[in-house]
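Here are my notes on this model, point by point. Have a look at the picture before you read on.

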Amino acid sequence: MAKLDWDKLGFEFVETEKMYISHHPIDGEWDSGELVPYGPIQISPAAGVLNYGQGLFEGMKAQTAQDGTIVLFRPVENARRMANGAQRLLMPPFPEERFVKAVKETVAANKEYVPPYGKGSLYIRPVLWGTGAQLGLGPSPEYTFCIFVSPVGPYFKSGLEPIKLEISAEYHRAAPLGTGGIKAIGNYAGALMPAKKIKAKGYNEVIYLDAAHNTNIEEVGTSNFFCVKNGELHTPRLTGSILPGITRDAVIRIAREMMDLTVNERDIPYKEVFNADEVFCTGTATVLAPIGTIAFKGEEHTFNNFEAGPRTVELYNTLTGIQKRERDDVFGWVEVVEV
Ligand SMILES: *Cc1c(COP(=O)(O)O)cnc(C)c1O
């Protein structure tokens, strides 16, 4: 492999040695799957995924822990979430135990690309696609499960820097009773234009409101939303249009079980948020990002003097401490990859 400069890693795609691939033929089962050299795949222009968006993705990461082992965070949760999504999109789920095993094999086969402790992580992208050819709208006659990986730098290079967000008054992300609650590929391209527009105004990401009432906070582009008010944590309840983040779940459990904080999962009208003491968002890529400013219709609201608040910092330190085995893994969330 070409020598990587770990200090220069961002979030751009870097090719690695190997990818995992498995196929599911008509009327069959998933084949035994294999690691193959990373590279382009052949696909019919009539494939279900290309024409009708019958596809799902996952996002997870492997990193080097303090003790030098390579670890994953709650991989079975990603397996489960993809299986749920497969059910919704009428695709054959990839069995959960096989998913976790395949992720571990793919990471082990690319171990040279896992950044050293503290230098970032190996981002893991499992995908499930309808790859058989078909003309009319219907479930694809064939499926492909693939895992590729790419080394990425740490989201925060120097401490927890607050980000600036804007609530979109123009666009929604997902509809009630739709597919917002699964990582369906079709949910994401619609967010490109809203993100481009708000970035041109100097903001980092979009906050979406719920499509039914245009009132309640749903989530940020690809991360879940939290705020702290009067010492309690609040996060939008999972309505079906919000993606059930694994980081979200981890933060709720750390807050309740380790920090003894009250956590309220409920509808959060956006107006309430302007008075919050701390605001942050969570996801695999960012882990936990403090939100310093939220703008809406030209008005900016700043939180905690544009600094990460005390609960935000404690949650971040606890979560990343568990993930890197700097702290006791009290929930049994961390899994070692044998290399
Ligand atoms: C993936 C994703 C998240 C975060 O989920 P994690 O499991 O924490 O990475 C949040 N919102 C959306 C829309 C997502 O796609």
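The points below cover the ligand site and then some salt bridges.

1. A word on the source: this is a predicted model, where local features need pLDDT of at least 70 and side-chain atom pairs count only at pLDDT 80 or more, while totals for chains, interfaces and linings use all residues. Residues are numbered from 1 along each chain as its sequence is written, and side-chain values use heavy atoms, with hydrogens and water left out.

2. The ligand has 15 residues around it, and Lys183, Tyr188, Glu219, Thr247 and Thr284 are the closest (near means a heavy atom within 4 Å). The protein covers 96% of the 380 Å² of accessible area that the ligand has on its own (Shrake-Rupley method, 1.4 Å probe).

3. The whole structure has 19 salt bridges (a side-chain nitrogen of Lys or Arg within 4 Å of a carboxyl oxygen of Asp or Glu). One of them pairs arginine 248 with glutamate 265 at 2.8 Å, N to O. Arginine 248 is in helix α5 (residues 246-258) and glutamate 265 in strand β13 (residues 263-266), so the bridge ties together parts 17 residues apart in sequence (helices, H or I, of at least four residues and strands, E, of at least two are DSSP runs).

4. Arginine 248 is buried at 4% relative accessibility, whereas glutamate 265 is partly exposed at 35% (buried is under 20%, exposed over 50%, partly exposed in between, with a 1.4 Å probe and protein chains only).
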